[in-house]
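Below are some notes for a colleague who is opening this structure for the first time. Please read them with the model in view.

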Amino acid sequence: MKHTLSVLVEDEAGVLSRIAGLFARRGFNIESLAVGPAEQMGISRITMVVPGDDRVIEQLTKQLYKLINVLKVQDVTEIPCVERELMLIKVNATASTRSEVLELAQIFRARVVDVSEDSLTIEVVGDPGKMVAIVQVLQKFGIREIARTGKISLTRESGVNTEFLKSLEAKLV
């Protein structure tokens, strides 16, 4: 199972390197990684997606707390969260296919950020499932390049679990 960890750290040189080293020494893979300033000056939030069962994640969490500069580790996998990723995707778009590519981008609420004679670069923001879906539908046109951020996540103060709501909606349809 994939787990999403939110880690607050002191914003100092070498922190990310120490965390990456911890994972490497233990043979764990980080599937997604995003780092940026948090709400408080001098603190950064690291959001990472790591594979493993609950026991492995508990062990990793304990190891992370042993590192200097790590302030808080939270497994937000089962907590209602807002999750987003950003992806830039450059896709072939000839005169004959451009309108269809634009239509698909519009369906996904994506924005065209660059246009050339034979391609479009599209910016997509959304949950990880949306990223997979748009790549699948654009694949037939020929994808030239993809750049994708790691997943970022914040817990929902409302406590509303949108995944639960989506599953209810799917059952009703």
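1. Lys140 counts as exposed because its relative accessible area is 62%, where exposed stands for over 50%, buried for under 20% and partly exposed for what lies in between (1.4 Å probe, protein chains only). The accessible areas behind such values come from the Shrake-Rupley method with a 1.4 Å probe, and for residues only the protein chains shown count as cover.

2. This is a predicted model, in which local features need pLDDT of at least 70 and side-chain atom pairs count only at pLDDT 80 or more, while totals for chains, interfaces and linings use all residues. Residues are numbered from 1 along each chain as its sequence is written, and side-chain values use heavy atoms, with hydrogens and water left out.

3. Which residue does Lys140 meet in a salt bridge? The partner is Glu100, at 3.0 Å from N to O, a salt bridge being a side-chain nitrogen of Lys or Arg within 4 Å of a carboxyl oxygen of Asp or Glu. The pair links distant parts of the chain, 40 residues apart, with Glu100 in helix α3 (residues 98-107) and Lys140 in the loop between α4 (128-138) and β8; helices (H or I, at least four residues) and strands (E, at least two) are DSSP runs, numbered from the N terminus. Glu100, at 35% relative accessibility, counts as partly exposed.

4. The structure holds 9 salt bridges, and another of them joins Lys151 to Glu83 through their side chains, at 3.4 Å from N to O. Lys151 lies in the loop between β8 (143-148) and β9 (152-155) and Glu83 in strand β5 (residues 81-92), so this pair ties together parts that are 68 residues apart in sequence. Lys151 counts as buried, at 10% relative accessibility, whereas Glu83 counts as partly exposed, at 22%.

5. A salt bridge also forms between Asp118 and Arg144, whose closest N and O atoms are 3.0 Å apart. Because Asp118 lies in the loop between β6 (111-115) and β7 (119-126) and Arg144 in strand β8, the pair ties together parts that are 26 residues apart in sequence. Asp118 is partly exposed, with a relative accessible area of 37%, and Arg144 is partly exposed as well, with 40%.

6. On the surface, Leu16, Leu33 and Val35 form a nonpolar patch with about 230 Å² of accessible area together. Patches are made of residues with over 30% relative accessible area and no salt bridge, like charges being joined within 9 Å and nonpolar side chains (Val, Leu, Ile, Met, Phe, Trp, Tyr) within 5 Å. Val35 lies in strand β2 (residues 32-37) and, at 47% relative accessibility, counts as partly exposed.
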